[in-house]
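Hello,

Here is the structure I promised to pass on to you. Have a look at it first, and then read on for my notes.

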Protein chains: 2
Amino acid sequence: MLNFTYYNPTKIVFGKGTIPEIRGLIPAKARVMLTYGGGSIRHNGVHEQIRHALEGHRVVEFCGIEPNPRYETCLKAVAQVKAEGVDFLLAAGGGSVIDGTRFIAAAAKYAGPEPWDLLGNASLIRDALPLGTVLTLPGTGSEMNGGAVISRASTTEKLFFLSEHTYPRFSILDPETTFTLPDRQFANGTVDAYVQVLEQYLTYDVDAPLQDRFSEGILLTLIAEAPKVKADPRNYNARSNIMWCATNGLNGWIACGQPQDWASHMIGHELTALYGVDHGQSLAIVMPGVMHHQRDRKRKKLLQYAERVWGLTGGDEESRIDQAIAKTEEFFRSLGIGTRLADYRIPAESAPLVASRLADRKMLLGEHQDIGRKEVEQILLLRA
Amino acid sequence: MLNFTYYNPTKIVFGKGTIPEIRGLIPAKARVMLTYGGGSIRHNGVHEQIRHALEGHRVVEFCGIEPNPRYETCLKAVAQVKAEGVDFLLAAGGGSVIDGTRFIAAAAKYAGPEPWDLLGNASLIRDALPLGTVLTLPGTGSEMNGGAVISRASTTEKLFFLSEHTYPRFSILDPETTFTLPDRQFANGTVDAYVQVLEQYLTYDVDAPLQDRFSEGILLTLIAEAPKVKADPRNYNARSNIMWCATNGLNGWIACGQPQDWASHMIGHELTALYGVDHGQSLAIVMPGVMHHQRDRKRKKLLQYAERVWGLTGGDEESRIDQAIAKTEEFFRSLGIGTRLADYRIPAESAPLVASRLADRKMLLGEHQDIGRKEVEQILLLRA
């Protein structure tokens with residue numbers, strides 16, 4: 001395996017009825033800002049549980065962090081943080097709310113003139129406000145990492161940072177908070193978790209068998225548990241297992257000592273920025289294209305994936321790879337997520353446009369950093 | 001799965017050539033005590049690498065932490081820590097050196113009259129000196145947890161604590177430091193890692209499929225990689241994979257939301273305290289007995305273990321379980337570790353003796369806390 005450094009100080013508190021524990025996890029004298037999205041936490045009881053747990057704490061609220069959280073929205077929160085002397089952030093929601101709050105935490109401590117500069121330049125982050133999370137939408141793994149993906153409306157850009165200073169102090173994972181998730185959010189989150197694992201697994205072999213087994217374990221569990229949630233949204237065990245899979249998908253653990261790809265995410269971010277497609281949807285479109293296009297470079301791992309995750313052992317190599325890609329798409333479609341550009345009425349002209357936007361930022365993608373303008377265009381044309 | 005809390009702030013720095021990184025991980029002004037065992041680090045180059053990395057730091061040394069580290073030895077180190085104003089501990093070795101150093105870290109900050117009281121009563125630990133480790137003997141997982149097992153010669157007791165205050169700040173895992181390990185230490189460490197995973201996996205089913213997959217992944221990897229090390233002790237990849245398996249075996253991750261057993265460890269500790277058998281050896285003796293004796297209560301997991309780890313799918317349930325236990329013993333024996341009391345000339349009278357010692361401490365063992373005096377005796381008699 002490759003040399004690596006792993007560090008993850010987030011405390012995870014998992015299980016039903018755990019929201020009251022935030023009381024002991026946030027300093028009694030803290031001035032807390034509770035951040036959330038469109039208000040679903042007001043309908044599912046999470047808001048009430050949090051406010052009850054924080055009785056006696058000083059709490060202000062910031063509502064309205066949108067999916068694909070916007071820079072412009074986060075700056076409003078930063079201004080409120082400074083105006084009200086907030087010194088602890090508590091994010092309640094999914095990856096968008098948590099990512100947005102993480103950006104707020106870093107931006108509030110940044111002395112430079114333009115916090116946008118932190119995206120793509122995490123070394124500028126020297127400090128951040130402490131934050132905790134109450135996760136209500138599993139998928140991104142944001143509850144146990146230090147990364148944030150932020151969008152900027154004025155430039156249709158979507159960029160990210162990853163910093164040791166912005167891990168949550170704690171994250172509360174109560175699977176019951178996900179019982180009332182809309183199907184689309186559940187599907188998007190599940191696809192996101194699945195593709196994140198593939199980004200860290202489907203590369204080239206560096207003789208890291210334990211990490212491979214862990215990745216395969218997450219994929220197998222997502223495939224087994226997602227239909228149970230579809231059949232019964234209040235299945236606590238299945239909800240728990242999906243939630244824990246998603247955390248494991250991007251807390252750094254399966255990535256230890258492994259090469260990483262992330263081409264599908266980078267291409268998908270452009271589709272989201274340009275066409276407003278959901279993050280999970282964008283991944284379901286792009287990942288099968290990357291698998292097809294990179295089949296020779298990823299051959300050994302694709303065959304391992306075909307065998308261990310989908311039980312495909314018959315036929316020649318090409319046919320096993322084709323079947324594994326088809327099974328992957330089938331899984332996404334079974335969740336109600338389209339896997340073609342046409343499913344979202346995105347035109348084939350998106351291919352050269354996305355390719356040139358990435359090329360303009362001098363981005364070479366994939367585990368070999370050799371997927372450039374031409375290859376991105378080819379990958380997207382495979383998805384028309 | 002069960003509710004759980006997970007917290008593990010240890011930074012892992014993994015790979016060849018990483019020892020020099022301790023320079024940036026220990027504060028420049030710290031007064032460091034380097035702790036180690038019998039001096040093997042003076043022969044394999046680790047001592048020299050550490051001293052070189054710490055040039056400019058103030059460093060004192062404490063040598064002689066023995067296998068199954070003794071309370072009496074640790075107290076000498078605590079006295080030296082206080083006399084010399086040490087404020088950072090650096091342990092270089094395996095689980096015994098790390099556990100001993102962890103106890104020193106807690107005892108040095110303990111105001112009570114008798115630091116032995118911390119064993120079995122971790123709530124007394126409110127603070128500890130910071131510590132880092134350079135791991136040279138994989139097996140115990142001590143490099144990424146907060147537990148310590150300490151022996152007391154005067155009472156032939158072996159007890160433990162587990163505390164959030166005693167996680168290493170960092171651990172350096174350079175697989176090259178293990179190239180020259182004696183066979184017996186390699187075998188003991190590998191058995192320890194294997195049995196630790198079984199203690200957290202072979203219980204009852206709580207519908208935690210991801211954690212099951214992780215545990216099975218560690219077991220499968222240990223089984224696949226150990227023979228490669230036996231064939232070529234300088235096989236870097238195999239050494240790396242064994243090392244990473246061992247860390248994963250007891251850093252708390254596979255235990256999340258799972259019931260835990262630990263009966264084999266508790267019984268094994270008594271064998272070590274009474275007869276001086278190595279820790280790994282004691283586990284290889286006891287675990288097959290626990291598997292046989294508890295086969296009805298552990299049935300579902302034993303059958304899953306038989307199928308997924310050993311590929312046993314034919315025959316009736318009893319025969320699959322018998323075969324799985326036999327395969328487990330065979331694996332231990334392939335490493336050169338005896339699995340019977342007689343292999344170490346331990347008499348059958350050990351059975352009632354160990355049983356009464358545990359009963360005297362009012363210890364009920366196993367995931368159901370129902371293995372008492374009678375059952376412990378029966379388990380050990382199965383191993384005569």
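This is a predicted model: local features need pLDDT of at least 70, side-chain atom pairs count only at pLDDT 80 or more; totals for chains, interfaces and linings use all residues.

**How the two chains sit together**

Chain A can be laid on chain B by a turn of 180° with a shift of 0.0 Å along the axis, and the RMSD is 0.0 Å. The two copies are thus related as by a two-fold rotation axis. Both copies use the same surface for this, since 100% of the contact residues of chain A recur in chain B. If you want to find the axis on your screen, go to Pro9(A): of the residues of chain A, its C-alpha comes closest to the axis, at 2.1 Å.

**What the chains touch with**

The contact brings together 31 residues of chain A and 31 residues of chain B. On the chain A side, β1, β2 (11–14), α7 (209–231) and α8 (236–249) each supply at least two residues. The largest share comes from α7(A), with nine residues. Sorted by class, this side of chain A has 16 nonpolar, 11 polar and four charged residues.

The strands at the start of the chains also cross over to the partner. β1(A) runs antiparallel to β2 (residues 11–14) of chain B and is joined to it by three bridges; there, Thr5(A) has Val13(B) as its bridge partner. In the other direction, β2(A) is joined to β1 (residues 4–6) of chain B, again antiparallel and by three bridges. Here Ile12(A) is the residue whose bridge partner in β1(B) is Tyr6(B).

**A sheet that takes in both chains**

Which order do the strands of the open sheet follow? There are seven of them, with mixed pairing, and they run β1(A)-β2(B)-β9(B)-β6(B)-β5(B)-β3(B)-β4(B). The edges are β1 (4–6) of chain A and β4 (58–63) of chain B; each has a single partner strand, so one side of each is left without a neighbour in the sheet. Ignoring direction, neighbouring strands of this sheet are turned by 15° against each other on average.

Strand β5 (residues 88–93) of chain B runs parallel to β6(B), with five bridges joining them. One of the pairs to click on is Ala92(B) with its bridge partner Val134(B).

**A hairpin in chain B**

β7(B) and β8(B) form a hairpin with four residues between them, and Thr156(B) in the turn has a positive phi of about 40°. The pairing of β7(B) with β8 (residues 157–162) of chain B is antiparallel, over six bridges, and Ile150(B) has Leu159(B) as its bridge partner. Five of the six residues of β7 (residues 147–152) of chain B are buried, so this strand is largely enclosed by the rest of the structure.

**Domains of chain A**

Finally, the domain assignment of chain A gives domain 1 (11–177) and domain 2 (183–381). Taken over C-alpha atoms, their centres are 26 Å apart. Their contact takes 18 residues from domain 1 and 24 residues from domain 2. On the domain 1 side, five of these residues are nonpolar, eight polar and five charged.

Best wishes

Definitions and conventions:
Residues are numbered from 1 along each chain as its sequence is written. Chains are lettered from A and ligands numbered from 1 in the order in which they are written. Two strands pair if DSSP finds at least two bridges between them. Axes are lines fitted to C-alpha atoms, for helices over the stretch in contact, and angles run from 0 to 180 degrees between N-to-C directions. Copies are superposed by least squares on the C-alpha atoms of residues with pLDDT of at least 70 in both. Two residues are in contact if their C-beta atoms, placed from the backbone, lie within 7 Å. Domain bounds come from an automatic or database domain assignment. Ala, Val, Leu, Ile, Met, Phe, Trp, Tyr, Cys and Pro count as nonpolar, Asp, Glu, Lys and Arg as charged, and the others, Gly among them, as polar. A residue is buried if 20 or more other C-beta atoms lie within 10 Å of its own, exposed if 12 or fewer, and partly exposed in between; C-beta atoms are placed from the backbone.
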